[in-house]
Amino acid sequence: MVRLVPTAVAALVAMATLGAAPAQAATPRLKIAKIFYDSPGADSRSTGSLNAEYVTLLNTSKRTLKLKGWSVRDKTGYTYTFMAGVVLKAKKRITLRSGRGTDGSGPGGGIVHWNRDQYVWNNDQDTAYVRDRKGRLVDSCSYKASTGSASVGC
C-alpha cells in the first residue's frame, strides 16, 4: 500500500487540474534531414544512379562535431562508419551518397561516399539510424514511399 503525504497529494491534484506539460524530446546533435531513397530512372547500379541515393545529416548544435566512429545504418543492417578527420561545423550538413566517389567539402557542408556497388535504401520503406561513437542512438527516420515521391524529409 502506498501512502501519499498531503504535499504529494496536492501536487498530483495540481498536475491533474492544470495539465502537465508533455515532455519534449531534445533535438539530436546530428539529425537526419533527408533521405533520397529512389534514384531517378532505372536502378542500373551505375555510379551516378547509386550516388543519386543518399541521406543528408544536419549538425543542429552550436559546435563542430568530430564524426569519427559515428555511424549511419539502415533497417537491414548496412552500416557506414565515419572515418577520422570527418568534421561537421555547426549548423552545416553532410551528405552520405551510396555509391563511389571522392569525399570532400563545400560551402554548405560535406559529401562522403559509402562506396557500395548496391543500393542501400529500399524504394518502398526503410528506416535510417544514426549512432554516436559510443553506439548510442542519436536519431532515426522511417518512411513508407508514396506515389510520386523519391525522398522524405525527416
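I take contact to mean heavy atoms within 4.5 Å. With that I looked up Arg63, which touches Leu88, Lys89 and Ala90, leaving aside residues up to four places away in sequence.

Ground rules next. I am working on a predicted model, where local features need pLDDT of at least 70, side-chain atom pairs count only at pLDDT 80 or more, and totals for chains, interfaces and linings use all residues. Residues are numbered from 1 along each chain as its sequence is written, and side-chain values use heavy atoms, with hydrogens and water left out.

**Overall fold**

I counted elements as DSSP runs, numbered from the N terminus: helices are H or I of at least four residues, strands are E of at least two. The protein chain has two helices and twelve strands. Their order from the N terminus is α-β-α-β-β-β-β-β-β-β-β-β-β-β. I then checked burial (buried is under 20% relative accessible area, exposed over 50%, partly exposed in between; 1.4 Å probe, protein chains only). Of the 154 residues of the protein chain, 35% count as buried. The accessible surface of the chain is about 9,500 Å², and carbon and sulfur atoms hold 54% of that. These areas come from the Shrake-Rupley method with a 1.4 Å probe; for residues, only the protein chains shown count as cover. I also looked at contact range. Among contacts between residues at least 6 apart in sequence, 57% join residues at least 24 apart.

**Salt bridges**

My criterion is a side-chain nitrogen of Lys or Arg within 4 Å of a carboxyl oxygen of Asp or Glu. I find two salt bridges in the structure. One joins the side chains of Arg100 and Asp117, at 3.1 Å from N to O. This pair links distant parts of the chain, 17 residues apart: Arg100 is in the loop between β7 (93-97) and β8 (104-106), Asp117 in the loop between β9 (109-113) and β10. Arg100 is partly exposed at 41% relative accessibility. Asp117 is partly exposed too, at 48%.

Asp132 and Arg136 also meet through their side chains, at 2.8 Å from N to O. Here I noted burial again. Asp132 is buried, with a relative accessible area of 5%, whereas Arg136 is partly exposed at 46%.

**Positive patch**

I looked for surface patches of charge. Patch members have over 30% relative accessible area and no salt bridge; like charges are joined within 9 Å, and nonpolar side chains (Val, Leu, Ile, Met, Phe, Trp, Tyr) within 5 Å. Lys and Arg count as positive, Asp and Glu as negative; His and the chain ends are not counted. I place each charge at NZ of Lys, CZ of Arg, CG of Asp or CD of Glu. Arg29, Lys66, Lys68, Arg133 and Lys134 form a positive patch. Arg133 is in the loop between β10 (125-131) and β11 (137-144). I log Arg133 as partly exposed, because its relative accessibility is 48%.

**Around the patch residues**

Back to Arg63, in the loop between β2 (54-59) and β3 (65-66). Arg63 is exposed, at 66%. From Arg63 to Arg29 I get 9.2 Å, C-alpha to C-alpha, across 34 residues of sequence. Gly85 is in the loop between β5 (79-81) and β6 (87-88).

**Backbone angles**

Most residues other than glycine have a negative phi. Lys91, in the loop between β6 and β7, has a positive phi of about 65°. So does Asn115, also at about 65°, in the loop between β9 and β10.
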